[in-house]
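I opened the model to look up a few things about its sheet and its helices. My notes follow.

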Amino acid sequence: MKPGARIWVTGASSGLGEALARAAAAAGHPVVASARSTDKLERLAAEVPGIAAEPVDTTDRSAVAAAVAAIETAGPIDVAVLNAGTHIPVDPGAFDAGAFRTLTDVNLMGTVHCLEAVLPGMIRRGGGRIAIVASVAGYVGLPTSSAYGMTKAGLINMAEALKPELERHGITVQLVCPGFVDTPLTQKNRFPMPFLMQPDDAARALLDGLRSDRFEIVFPRRMAWAMTLMRHLPYKALFAITRKIAADADKRG
């Protein structure tokens with residue numbers, strides 16, 4: 001990522017997205033911050049020089065297309081950080097297809113709508129950078145995360161598929177897999193969250209990753225190693241670990 005690159009960040013009204021918008025603006029990048037919350041975005045833009053607000057609901061395909069068109073009237077989007085997402089814990093005792101639909105619409109299709117909107121301009125210009133924010137929860141199935149993990153695994157697969165195809169157009173695709181970051185979403189979790197990061201620390205790690213050309217940006221590293229190890233364990237060993245996680249969650253909840 002070049003100095004002064006113009007960055008579009010979705011999911012920027014709180015958590016990692018807001019922290020990234022602040023960090024990128026402080027580093028001299030013009031930032032366009034998007035989310036559903038107009039009030040929060042306007043406060044952010046008023047507080048931080050270099051941030052412009054462009055409210056949008058990423059589940060609305062036509063609204064995303066209109067937002068990107070509005071953003072690009074002021075200049076191209078050099079870097080798109082597709083971070084908008086949410087989490088709904090799933091209790092198998094009250095299994096609700098609605099939770100899966102909501103997370104699919106927000107986490108998966110919201111990202112797809114953004115890609116559909118930004119790719120034509122990047123392909124036409126022959127360059128750009130797209131960071132798809134998934135999660136280490138997409139590496140392996142975890143208790144209460146059957147819906148969330150499903151969507152994040154889908155984003156990982158999509159990013160892997162797109163990377164070599166978009167390279168031919170000069171577009172860099174990066175996959176962002178955070179561990180636990182202290183945000184309103186993770187505060188819903190009923191289980192221990194090892195290596196919990198503060199949003200500002202996570203934003204610095206993400207910004208450093210965007211300055212590199214490595215495909216996968218993962219933080220914190222210890223959490224990534226643990227989840228990668230779990231992904232390669234035999235199922236008997238994996239389920240012994242996840243049963244304990246589920247039991248701990250039951251005790252807390």
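I started with strand 4 (residues 79-82) and strand 5 (residues 128-133), which run parallel and are joined by four bridges. I count two strands as paired if DSSP finds at least two bridges between them. Helices (H or I, at least four residues) and strands (E, at least two) are DSSP runs, numbered from the N terminus. Leu 82 stands opposite Ile 132 in strand 5. From strand 4 the chain crosses through helix 4 to strand 5, and this β-α-β crossover is right-handed. Right-handed here means that, with the strands pointing away from the viewer, the path from the first strand over the helix to the second runs clockwise.

Two notes on the source. This is a predicted model: local features need pLDDT of at least 70, side-chain atom pairs count only at pLDDT 80 or more, and totals for chains, interfaces and linings use all residues. Residues are numbered from 1 along each chain as its sequence is written, and side-chain values use heavy atoms, with hydrogens and water left out.

Next I looked at the other partner of strand 5. Strand 6 (residues 171-178) runs parallel to strand 5, with six bridges between them. Ala 131 stands opposite Gln 174 in strand 6. The chain gets from strand 5 to strand 6 through helix 5 (residues 146-167), again in a right-handed β-α-β crossover.

Is strand 5 covered or open? I found it mostly covered, with six of its six residues buried. Buried means under 20% relative accessible area, exposed over 50%, partly exposed in between (1.4 Å probe, protein chains only). Gly 128, Ile 130 and Ile 132 point one way, Arg 129, Ala 131 and Val 133 the other way. In a regular strand the side chains alternate between the two faces of the sheet.

Seven strands form an open sheet in the order 3-2-1-4-5-6-7, with parallel pairing. Strand 3 and strand 7 (216-219) are the edges, each pairing on one side only. Neighbouring strands are turned by 20 degrees against each other on average, direction ignored. Helix 6 (residues 199-210) packs on this sheet and touches strand 4, strand 5, strand 6 and strand 7. Its direction makes about 160 degrees with that of strand 7. Axes are lines fitted to C-alpha atoms, for helices over the stretch in contact, and angles run from 0 to 180 degrees between N-to-C directions. Contact means heavy atoms within 4.5 Å.

I also checked strand 1 (residues 7-10) and strand 2 (residues 31-34), which pair in the parallel sense over four bridges. Val 9 stands opposite Ala 33 in strand 2.

How do helix 3 and helix 4 cross? The axes of helix 3 (residues 61-72) and helix 4 (residues 97-125) come within 7 Å and cross at roughly 35 degrees. In helix 3, Arg 61, Val 64, Ala 65, Val 68 and Glu 72 meet residues of helix 4, including His 113, Cys 114 and Val 118.

I picked Val 118 in helix 4. Val 118 is buried, with a relative accessible area of 1%. Leaving out residues up to four places away in sequence, Val 118 touches Trp 8, Val 68, Ile 77 and Ile 130.

Last, Thr 58, in the loop between strand 3 (51-53) and helix 3. Thr 58 is buried at 7% relative accessible area. Beyond its neighbours within four places in sequence, its contacts include Val 64, Met 109 and His 113.
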